[in-house]
Amino acid sequence: PTRQFHTHDYSTHLFLLHSPQQEGIGVCGWILVSLSFLLVLITFPVSIWACIKVVREYERAVVFRLGRILSKKAKGPGLILVLPCTDTFTKVDLRTVTCKIPPQEILTRDAVTAQVDGVVRYRIHSAVSAVANVTDVHSATLLLAQTTLRNVLGTQSLAQLLAGREDIAHSIQATLDSATEQWGVTVARVEIKDIRIPMAMQRAMAAEAEAARETKAKVVAAEGERNASKALQKASMVLSESPAALPLRYLQTLTAVAAQNNSTIVFPLPMNMFGSLGKKSTGG
């Protein structure tokens, strides 16, 4: 009697598990599910191989019973039971997906055309939303990433686009993450890979950069000349205080020139020396 009681209790629990009040499938649905379950019992143990499915650790299975999602949540990982004729299931991969955004032709805020491509990384966190709310979650995410990339970059100038890639990528990621939340998708990262601009614009930017470098070089040279003139002015004041310092400087300069193995040595002489020599020759 005790064993019969337990068998009856298990049958009642199984009947409640497939009850139409919990599933919302109606009387006809309950009849079909019961017939399917009866078919499994009749063909047991052969039918068990068609009913048991394996779901991997990185997957989840969304089971549909007569068109309705069973228990409103995904199954797995491990073994799941699928009734023949009434149940269908869809496996969803929960691993991170890396998707390349094709080159997009954009027009920046300062009217410069450019081609920009990138990479988006995302993962599915809700298998039920990814199956029930969108036809193809991967294709939809890629198309939305392309549109968001064009819209966000169209509000930036070329200088901002070249200098602020990280900030623009974070802005695109936040926009994508907010839009794909209803699809059960979490956008992990967005990266801008390459920015291509026309050759004419590249030459113009190169000429501008070269002119800026030349201007900076001229400013540095002028600053050096000013500092050198100040140093020469201070040196002349020091030499004027000591008449013997100038010939010593001449000799030091000759020593430095002779050390370079030059065949010609220019020896500077003060003009007052020639003046004194001229006076002596006139007097003689």
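I began with strand pairing. Strand β2 (residues 59-65) and strand β5 (residues 87-93) pair in the antiparallel sense over seven bridges. By my convention, two strands pair if DSSP finds at least two bridges between them. Helices (H or I, at least four residues) and strands (E, at least two) are DSSP runs, numbered from the N terminus.

A note on what I am reading. This is a predicted model, in which local features need pLDDT of at least 70 and side-chain atom pairs count only at pLDDT 80 or more, while totals for chains, interfaces and linings use all residues. Residues are numbered from 1 along each chain as its sequence is written, and side-chain values use heavy atoms, with hydrogens and water left out.

Next I looked up the pairing of β2 with strand β3 (residues 68-69). Two bridges join these strands, which run antiparallel. Phenylalanine 64 is bridged to isoleucine 69 of β3. Arginine 65 has arginine 68 of β3 as its bridge partner. The β2-β3 hairpin has two residues between the strands, and there leucine 66 takes a positive phi near 55°.

Then I put the sheet together. Three strands form an open sheet in the order β3-β2-β5, with antiparallel pairing. The edge strands β3 and β5 each pair on one side only.

How enclosed is strand β2 by the rest of the structure? It is largely enclosed, because six of its seven residues are buried. Buried means under 20% relative accessible area, exposed over 50%, and partly exposed in between (1.4 Å probe, protein chains only).

Cores came next. I count as a nonpolar core a set of buried Ala, Val, Leu, Ile, Met, Phe, Trp, Tyr and Cys residues joined through side-chain atoms within 4.5 Å. The largest one has 36 residues, and Val120 and Leu153 have the most contacts inside it. Elements that each supply at least two residues of this core include β2, β7 (113-124), α6 (137-153) and β8 (185-196). The largest share, six residues, comes from α6.

Contact here means heavy atoms within 4.5 Å. Leaving aside neighbours within four places in sequence, leucine 153 is in contact with Ile106, Thr108, Val116, Leu161, Ile168 and Ile192. A second, separate core has six residues, among them Val63, Leu70, Ile80 and Val82.

Last, the backbone. Most residues other than glycine have a negative phi, and most peptide bonds are trans. I therefore listed the exceptions to that rule.

Where are the cis peptide bonds? One joins phenylalanine 44 and proline 45, with omega about 10°. Proline 45 sits in the loop between α3 (26-42) and α4 (48-51). Another joins glycine 76 and proline 77, with omega about 0°. Proline 77 is in the loop between β3 and β4 (78-81).

I also checked positive phi values. Lysine 72 is not a glycine, yet has a positive phi of about 60°. Lysine 72 is in the loop between β3 and β4. Is lysine 72 buried or exposed? It counts as exposed, because its relative accessibility is 61%. Cysteine 85 has a positive phi near 75°. The place of cysteine 85 is the loop between β4 and β5. Its relative accessible area is 76%, so cysteine 85 is exposed.
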